[in-house]
Amino acid sequence: MAQCNNPIIEVNGLAKRVPTQGGELTLLQDIHFSILPGEAVAITGASGSGKSTLLGILAGLDIPSDGEVRISGRDLFALDEDGRALLRRDAIGFVFQAFQLLPNLTALENVMLPLELGDRHDAREQAAEILARVGLAARLTHYPRHLSGGEQQRVAIARAFVTRPRLLFADEPTGNLDSATGRRIIELLFEINREQGATLLMVTHDASLAERCSRALHLDAGRLT
Amino acid sequence: MKGLRFALRMLRRDWQAGELRLLCMALVVAVASVTAVSFFTDRINQALELQAGELLGGDLKVTATRPISAAVRQLAREAGLAQAEVVEFPSMVMSDDAARLASIKAVSPAYPLRGGIHITKRSPAPPHAAQDMPQAGEVWLEPRLLRHLGLEIGDEVTLGNARLHITAALVNEPARASGTLFTLAPRLLLSLADLPATGLVQPASRVTYSLLLSGPADRIRAFRRAAEEVLASGARITGPEGARPEIRSALERGGRFLGLAALVSVMLAGIAIAMAARRFAGRRLDDCAIMRCFGASQREIVTAYFLELLFLAIFASLLGCLAGYLAQLGLVGLLGSLVALELPAPSFFPVVAGMLTGLVTVLGFALPALLHIGRVPALRVLRRELGALPAYSLSIYGAGIIAFGLLVVWQTGDWAMSAYALSGVVGVLLSLAGIAAMLIYLLRVWQHRVPRSWRFGVMSLTHRAGGNSIQVAAFGVGMTVLLLLTMVRVDLLASWENTLPPDTPNRFLINIQGDQVEELHRRFQAAGIGGAGIFPMVRGRLVAINGAPVAPDSYRDERAQRLVAREFNLSWAAQLQVDNEITAGSWWDEGKGGDGLSVEEGLARTLGIHLGDRLDFEVAGSIFSGQVSSLRKVAWDSFRVNFFVIAAPGILDGYPANHISSLYIPPGKAEDFSAIVRDYPNVTVIDVAAIMDYVRVVMERIVLAVDYVFVFTLLSGLLVLFATIQATLDERIRENAIMRTLGAGRAQLVRALLVEFAAVGLLAGLVASGAATLLGMVLGARVFHLPYALDPVMILLGTLAGGVGVCIAGYLGTRRVLDRPPLQTLMERA
Ligand SMILES: Nc1ncnc2c1ncn2[C@@H]1O[C@H](COP(=O)(O)OP(=O)(O)OP(=O)(O)O)[C@@H](O)[C@H]1O
Ligand SMILES: [Mg+2]
């Protein structure tokens, strides 16, 4: 694990407000923190405290009302939407609570997708290899609806890691799974993360899971505490 | 009551949410297409019914090819009926420097017994009803005839041997609406008293005699019964129900065809409705599961949605009727001049028809999906996968096809024809969908070979094979009919004209008298107009074969019945015409014909005439007899004069004859030709080019009207396109959000969408132009008997048009997929 002193994520004065019928609602405010390469950081907090909103903004999937986010020193929101997409493609992997696989694509095609988006020629081989790594070598041509929840999440993990991202975001990756399956998925996630040396940022409710990370950021009603 | 209010509230909410707009639009298009045709035919029907007496000119009409017999007149007199006499025939009408073919009508002063004739005595003055008929020495001409001849009211005109004074312009004549496209030759009306002086009615001329009658209904009925007994063969009686037969038969066939064409739109709209309803139901599954959780009964839920749908159907159908009424005006604009009737306002019947169509369509195509949601289990609240709708189930489309079948039966009133039409439409749809599915499957196999940047679009296409095949088929049907019509109009007409050799006769001369033949022949040769064969012609009716009498009812075949009922033309000749060919027996040698007859082989087959048979014809009241010594094959489409029966020279001498000729007049000789024929006022010239132009004009009008109705088909095809796009919209929004998190750029996503829709459109275009070409070839071979060549340009253009069209529609329909922040979408689903 290469340690380096320049933070991979830097967040300054981040705020997110949304207009609602009853006036403006503040989802996040006054968020400052930075994360160094190779760290594994947990984001915890009560339901509705803004964890998913924060993760979405860090990944450039949503736009903050105030403040800045720097990924490896580059201002994320100085880029346009396509610029952010390009950054995600090259540097960021994602695992969601609801798996978010494309239902019309097979397991293999789902995993190939980020590579093909990046115009990689060895997409098929790479995807097959990592699916074998997560234990799904026999399920390449299966569609998501024929896979169990745990298997779907493994496909999602394979898809997140197949591009060898520097950053991996996971939003309650075990939230839809039973605890035994959840534990196995988490093991897998940490293992591959270690192998690839990525920086991990994970939203979780699970205190024991948070303890396995190098540190935790706790959100309370949109503020870091 | 509570249910009603609840349903209305739901309707308002769903309408505002935009959920039902597509369903509503599809219904409006379906109802509009049906009512447009229905309003139009209804108005013509009403016109025929209300004005039947005027259109006939009386209550009853006796028609014959010879003067009406004294027996019939006597019966009419005894019944105390009013009588008017009419004699009609075509002839040339001449001014000092022009000659025109006209339809001559000589009438007795009592004409017409019902209705009136509108004339103007001074050119710009408004027309008024004529008090009397033309007096002796007077004629009335249709304005178009005046124009052609360069004459005005007050001038004189030559008709046969007579010179007559023009005292009025004939503006409207209900019995044969003036200026209609159904009537090639314009009208000239004169007094019956002047007819002998014209010298145009000779024993062998083609003349129709009519006797119009009017009186109380019971006496008319009694007369009709009595007259039918004494009617000579070749004569017939027509009541008001038979007025304007050309419009009636056109209305019957054309109306039915347009009605079926409108039903194609209903079918496609039905598919769009089924898809929209399925999506609507799919999005209501959760609501329903929750309502069930809180104790709503299956019946309450179904009732609520049923009522909501019913309200929508009523509203949309009313809107459709309104649209149909407006569209009908377009049809009147296109076809009104063909019928030239005073069209009354439409009745209420088309509205009823439209409402019924709307309700049946909605019930058939939308209800199954909604019934399904009534059965959603409450447990779905916990387990979302329960009670999901089947994608393309038989129950959803089966009910629709049955409903559609009922509509077709209702429209045609004919089970066999309905079965044909229904299986035709469903068959074309299924085969288009099948071909599309096959092509998509091929693409799927090859998709990893397509250029990288196109791949996402192609994958998107192949992964939604089911929906996309239906899209291709539905849009393709709309395109097929339009392409087919374009082809029939442009190509078939052109290819027929191309099959005619350049020296094909372009003028017919009829009514040439025997003593003019030599002289005319000489003068034509002197003017360098060659090849003018002038043939004698005697009109006769076949009365016996080998001594056994023949009558129309001795044949089952309709054509045979017609041939026996009327007179046909006999001729005589020493030499066989060049384009005739003997197929049995032999042509007679010079001077050795005896009483031989040569019969056209088609006629022989139809009437059961064989070589060696003795045939008896009634010619001008006496019997003429001969023996069949040869059968001939004739090229009927050569535009040359040909005869069914040719006798050996000599045996027809002494029977009243008349001569006929066809010749080719090159453009440079037209003046010389006109100068010659002007010296023979009794000779009638028929200009083939004018007839062809006329046929073309009528055809184009009709094709345009059919096109017009099929625009609805294209519209409903487009609605199916939008419905399938909507059906996959939620899925696409989610997919796009995921793709964006994986790093796809906007350009990549737009390209994928465009590639997918372009592919759908190109497929639809390709399949449609292929189907249209195939149908065109079948039609060409079977119906028009013309070779129809494959037209690669049309296939290419059709394919491209489909590609561009669907691309634009697809992009417009899915654009907002691209504009949503991905996080929001993903969180909605989590
Ligand atoms: N577009 C929006 N409009 C209005 N409110 C929003 C919007 N997006 C999020 N919220 C609200 O912001 C708050 C934070 O949401 P967020 O999903 O980030 O919470 P969370 O910490 O991830 O919760 P959980 O643990 O339940 O997933 C919630 O109260 C949510 O309702
Ligand atoms: Mg969350």
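Let's start with the site around ligand 1: residues from both chain A and chain B surround this ligand, so the site is shared between chains. Please keep in mind that we are looking at a predicted model.

How many residues surround ligand 1? There are 14 of them, and the closest are A:Ser47, A:Gly48, A:Lys51, A:Ser52 and A:Thr53. If you sort that shell by class, you get seven polar, five nonpolar and two charged residues.

Now look at a few individual atoms. A:Ser52 has a polar side-chain atom 2.8 Å from an oxygen atom of ligand 1. For A:Gly50, a polar backbone atom is 3.0 Å from an oxygen atom of the ligand. And in A:Glu172, an N or O atom of the side chain is 3.5 Å from an oxygen atom of ligand 1. How much of the ligand does the protein cover? Ligand 1 exposes 630 Å² when taken alone, and the protein buries 63% of that.

Which elements give two or more residues to this shell? They are strand S2 (23–35) and helix H1 (51–58), both in chain A. H1(A) provides the largest share, with three residues.

You will find A:Glu172 in the loop between strand S7 (167–171) and helix H6 (179–196) of chain A. The other residue is A:Asp30, with a positive phi near 55 degrees.

Next, the place where the two chains meet. On the chain B side, 30 residues are in contact with 32 residues of chain A. The size of an interface is often given as the accessible area lost when the parts come together. Here the buried area is about 2,700 Å², and carbon and sulfur atoms give 57% of it. Which three residues supply more than any other three of the area that chain B buries against chain A? They are B:Arg452, B:Leu742 and B:Leu823, which supply 24%.

What about polar links between the chains? Eight residue pairs are in polar contact between chain B and chain A, while the count of salt bridges across this interface is zero. On chain B, the elements that give two or more residues to the side touching chain A are helices H13 (452–463), H20 (729–741), H21 (746–784) and H23 (822–829). H20(B) gives the largest share, seven residues. By class, that side of chain B has 13 nonpolar, seven polar and 10 charged residues.

Finally, where do we see salt bridges? Over all chains, the search finds 23. One pairs the side chains of B:Asp59 and B:Arg114, at 2.7 Å from N to O. This pair links distant parts of the chain, 55 residues apart: B:Asp59 is in the loop between helix H3 (52–56) and strand S1 (60–64), and B:Arg114 is in the loop between strand S3 (99–107) and strand S4 (118–120) of chain B. B:Pro112 is also in the loop between S3 and S4, and the peptide bond from B:Tyr111 to B:Pro112 is cis, with omega near -15 degrees.

Technical notes
Residues are numbered from 1 along each chain as its sequence is written. Chains are lettered from A and ligands numbered from 1 in the order in which they are written. This is a predicted model: local features need pLDDT of at least 70, side-chain atom pairs count only at pLDDT 80 or more; totals for chains, interfaces and linings use all residues. Side-chain values use heavy atoms; hydrogens and water are left out. A residue is near a molecule or strand if one of its heavy atoms lies within 4 Å of it. A polar contact is a pair of N or O atoms within 3.5 Å; within protein, one must be able to donate a hydrogen and the other to accept it, and residues adjacent in sequence count only if both atoms are side-chain atoms. Accessible areas come from the Shrake-Rupley method with a 1.4 Å probe; for residues, only the protein chains shown count as cover. Helices (H or I, at least four residues) and strands (E, at least two) are DSSP runs, numbered from the N terminus. Ala, Val, Leu, Ile, Met, Phe, Trp, Tyr, Cys and Pro count as nonpolar, Asp, Glu, Lys and Arg as charged, and the others, Gly among them, as polar. Contact means heavy atoms within 4.5 Å. Buried area is the accessible area (1.4 Å probe) that two parts lose on being put together, summed over both. A salt bridge is a side-chain nitrogen of Lys or Arg within 4 Å of a carboxyl oxygen of Asp or Glu.
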